[in-house]
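Student: I have a new structure open and would like to learn how to read it. Where do we start?

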Amino acid sequence: MSKNTLTITDNRTGKTYELPITDDTIRTADLRQIKVADDDFGMMGYDPAFLNTASCRSAITLIDGDKGILRYRGYPIEQLAEKSSYLECAYLLLHGELPTEAQLKSWVDLITTHTFVHENVKSFIQGFRYDAHPMGVFLSTIGALSTFYPEAKKVHDKQVRMLNVVRLIAKVPTIAAMSYRHSMGFPFVYPDNELSFAGNFLAMIRKMAEPRYKPNKVLERALDVLFILHADHEQNCSTSTMRAAGSSLVDPYSAVAAASAALYGPLHGGANEAVLRMLTEIGSIHNVPTFVKEVKEGKGEKKLMGFGHRVYKNYDPRAKVIKRLAEEVFEVTGRNPLLDIAIELERIALQDDYFIKRKLYPNVDFYSGLIYQAMGFPTDFFTVLFAIPRTSGWLAQWCEMLDDSEQKIARPRQVYTGSAKRDLPESRHNPFELERSR
Ligand code: CMC
């Protein structure tokens, strides 16, 4: 009869151990019983970059990387992109179930009544240089919000927690738009609570002298769909950062600032910006073969940005939706000339052995930048557009972590590779005196 256990024989000692298996997983803490001597620390798992380590049990988002599947709380991303809204998805991620019509209405009302930020926020955004990267402005401002809501530290008080979750989801578009307006030298625009979440964001970006900004319906919906697609993606780099920072029981503003910093990098949310720069550098479809050759010869030095994923070894389902969405957006904005380069790049890469062998497919960032650019957003603003919806995913994962009795402060182990114990030389200079007498 088959048993749900793993038997390990330690060839150093000849001893055999039987470890329980749950959900195809062993607990690495169970390895600690494997020792050569009684006073050994015990065996650890070594897994740089967490390639094969589950850090939590989660019921929020499922990715099947081989099949190209993404689901929020069981619902396929393609269906949500077609039939849901970003705010409904945010509710779903946080609460586990779709809201009823009445619940959705009060959820939308609740978010809408928290869109304004304290007037002081204006003055410290104004303190940034005119050419400050909007992502730097965004993440610093989110972190600074913790000083406005000191009670947010009560992370185990569920009422306080939810109030701050609502505040964060509602205020990130406002702060994002302020970071944009500052970089353009435009006056800040207050939220318009008569508009949808995406429509209000567009208004805060675009409104100039007109008394009321009316968003284009196609662009408003396209942005909402992009927000749905970016809302959560299980234990990626920024979400793991959110959980790790949150595990110290810091307030959610500080944790979201940490997660935003992780998102900023070009291998994560910064990739959409990098894709646009890459397509612009390629410049013409005629240069695509040379570029692909350079990527292959660069052996990891030069990458095809917007391609590849730690989990997806198939087409990223979000990229498929975005490719279709791009056509709808271009009907309104005019076709982005870089699209042809992107399509040619995808065509050549997908039939090239280098990419086939490594299972490298377009990811969410490959086409999203083309839409953002066609909608008039500057390239350095793209990652901020990613951070707005990902905030709801980060917060859902943070709440799940706080309620998980198995979670503790995140604290990995290391394999120490430094010097063995050595003593400071008896006679030598006094370093502190040296510093003081300079
Ligand atoms: N272009 C060329 N080669 C690549 C690429 C790429 N985009 N991605 C991976 N490879 C190669 C890599 O050099 C390695 O080759 P070899 O086996 O010969 O050493 C092999 O494929 C495996 O790659 P890896 O670096 O071990 O894979 P990873 O899981 O550590 O990295 C990744 C995943 C997303 C960081 C990486 O694919 C990458 O840098 N892609 C470009 C950046 C990008 O588009 N990031 C957005 C990811 S999706 C949205 C998000 O997370 O925010």
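This is a predicted model: local features need pLDDT of at least 70, side-chain atom pairs count only at pLDDT 80 or more; totals for chains, interfaces and linings use all residues.

Student: Which strand is joined to β5 by two bridges?

Tutor: First the general idea. Strands of a sheet pair through backbone hydrogen bonds, either parallel or antiparallel. Here strand β4, residues 69–72, is joined to β5 by two bridges, and these strands run antiparallel.

Student: In what order do the three strands of the open sheet come?

Tutor: The order is β3-β4-β5, with antiparallel pairing. β3 (61–64) and β5 (75–76) stand at the edges with a single partner strand each, so one side of each has no neighbour in the sheet.

Student: How many bridges pair β1 with β2?

Tutor: Six bridges. Strand β1 covers residues 5–10, strand β2 covers residues 15–20, and they pair in the antiparallel sense. Look at two of the partners. D10 has K15 in β2 as its bridge partner. T5 has P20 in β2.

Student: What do β1 and β2 form, and how many residues lie between them?

Tutor: They form a hairpin, with four residues between the strands. Check G14 in the turn: its phi is positive, about 80°.

Student: Now the whole chain. How many helices and strands does the protein chain have?

Tutor: The protein chain has 18 helices and five strands. Its radius of gyration is 25 Å, close to the 22 Å that the globule rule gives for 438 residues, so the chain is as compact as a globular protein of that length. Along the principal axes, its C-alpha atoms fill a box of roughly 75 × 60 × 55 Å.

Student: Which domains does the domain assignment give?

Tutor: Domain 1 is 5–46, domain 2 is 76–266 + 381–399, and domain 3 is 271–374. The centres of domain 1 and domain 2, taken over C-alpha atoms, are separated by 44 Å.

Student: Let us zoom in on a loop. Where is H133 found?

Tutor: H133 is in the loop between α4 (120–126) and α5 (134–145). Now follow its side chain. One of its polar atoms lies 3.0 Å from the backbone nitrogen of M135. The side chain of H133 also reaches the backbone oxygen of D380, at 3.5 Å.

Student: Next, the ligand. How many residues surround the ligand, and which are the closest?

Tutor: There are 21 residues around the ligand, and the closest are H268, K303, L304, G306 and R310. The shell divides into 10 nonpolar, seven polar and four charged residues.

Student: What lies 2.8 Å from an oxygen atom of the ligand?

Tutor: An N or O atom in the side chain of K303 does. A backbone N or O atom of G306 is also 2.8 Å from a ligand oxygen atom. For R310, a polar side-chain atom lies 2.7 Å from an oxygen atom of the ligand.

Student: How much of the ligand's accessible area does the protein cover?

Tutor: Take the ligand on its own to begin with: it has 930 Å² of accessible area. The protein covers 73% of that area.

How values were computed:
Residues are numbered from 1 along each chain as its sequence is written. Side-chain values use heavy atoms; hydrogens and water are left out. Two strands pair if DSSP finds at least two bridges between them. Domain bounds come from an automatic or database domain assignment. A residue is near a molecule or strand if one of its heavy atoms lies within 4 Å of it. A polar contact is a pair of N or O atoms within 3.5 Å; within protein, one must be able to donate a hydrogen and the other to accept it, and residues adjacent in sequence count only if both atoms are side-chain atoms. Accessible areas come from the Shrake-Rupley method with a 1.4 Å probe; for residues, only the protein chains shown count as cover. Ala, Val, Leu, Ile, Met, Phe, Trp, Tyr, Cys and Pro count as nonpolar, Asp, Glu, Lys and Arg as charged, and the others, Gly among them, as polar. The radius of gyration is taken over C-alpha atoms; the globule rule is 2.2 Å times the number of residues to the power 0.38.
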